[in-house]
Amino acid sequence: MSGSIRESSGVEYDFDVFARACPSRGTLEHVTGRWGGLALGALYEGSLRFNELRRRVDGVSEKMLSQTLQALERDGLVHREAQPVNPPRVDYELTDLGRRVAERLLALIDCVESAMDEVLAARTRYDETRGAR
């Protein structure tokens, strides 16, 4: 089944996320991971300082947000701008690539949020049939 999406779209890539050693798999993990997706979505709204972003992405620890931003910056999705002021100020914003990825991610988020009534009903049916765990 690998390659079926490419075959139907007629587009060929040099990378295959389904291949174990492909570097695209790591980037996909950074983008779709719990904190990466939320950070990209929050930064789509505009440039944010670290603590502003941490407040926007409710529940993320300082350590996890820092690691997430470093991975996204390394992948070219986020730009970090350190301002030479006292106290130090660091702003984060999406790169052009980051904006393209975040747009698609936000479409997925919208799809999930708009389907939550269905999801919650499905969970209830599942739990009633199999017993809540």
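1. In this predicted model, helix α3 meets helix α6 through Gly 37, Leu 40, Gly 41 and Leu 43 on the α3 side. The α6 side of the contact consists of Arg 99, Val 101, Ala 102, Leu 105 and Leu 106. Sorted by class, the residues of this contact are six nonpolar, two polar and one charged.

2. The geometry of that pair is as follows. Helix α3 spans residues 34–43 and helix α6 residues 96–114. Their axes are 9 Å apart and the packing angle is about 105 degrees. The two helices are therefore roughly perpendicular, since angles of 65 to 115 degrees are put in that class.

3. Helix α3 also packs against helix α2 (residues 24–32), here at an angle of about 65 degrees and with the axes 4 Å apart. This pair, too, is therefore classed as roughly perpendicular. The α2 residues involved are His 30, Val 31 and Thr 32, which meet Arg 34, Gly 36, Gly 37 and Leu 40 of α3. By class, the contact of α2 with α3 has two nonpolar, four polar and one charged residues.

4. The largest nonpolar core contains 21 residues. Leu 40, Leu 43, Leu 53, Leu 69, Val 78 and Tyr 92 have the most contacts inside this core. Two or more residues each are given by α3, α4 (50–56), α5 (62–74), β3 (89–94) and α6. Helix α3 supplies the largest share, five residues.

5. Leaving aside residues up to four places away in sequence, Leu 69 touches Leu 43, Phe 50, Leu 53, Val 78 and Tyr 92. Of these partners, Leu 43, Leu 53, Val 78 and Tyr 92 are also listed, with Leu 69 itself, among the core residues with the most contacts.

6. Is Pro 87 buried or exposed? Its relative accessibility is 58%, so Pro 87 counts as exposed, the cut-off being over 50%. Pro 87 sits in the loop that lies between β2 (78–83) and β3. Its C-alpha atom is separated by 22 Å from that of Gly 46, a residue 41 positions apart from Pro 87 along the chain.

7. On annotation, an unreviewed UniProt entry places the feature "domain: HTH hxlR-type" at residues 22–120. In the model, this span is 64% helix and 14% strand.

Key. Residues are numbered from 1 along each chain as its sequence is written. This is a predicted model: local features need pLDDT of at least 70, side-chain atom pairs count only at pLDDT 80 or more; totals for chains, interfaces and linings use all residues. Side-chain values use heavy atoms; hydrogens and water are left out. Axes are lines fitted to C-alpha atoms, for helices over the stretch in contact, and angles run from 0 to 180 degrees between N-to-C directions. Angles under 35 degrees count as roughly parallel, over 145 as roughly antiparallel, 65 to 115 as roughly perpendicular and the rest as oblique. Contact means heavy atoms within 4.5 Å. Ala, Val, Leu, Ile, Met, Phe, Trp, Tyr, Cys and Pro count as nonpolar, Asp, Glu, Lys and Arg as charged, and the others, Gly among them, as polar. A nonpolar core is a set of buried Ala, Val, Leu, Ile, Met, Phe, Trp, Tyr and Cys residues joined through side-chain atoms within 4.5 Å. Buried means under 20% relative accessible area, exposed over 50%, partly exposed in between (1.4 Å probe, protein chains only). UniProt positions are given in the numbering used here, feature names are shortened, and annotations may be inferred rather than shown by experiment.
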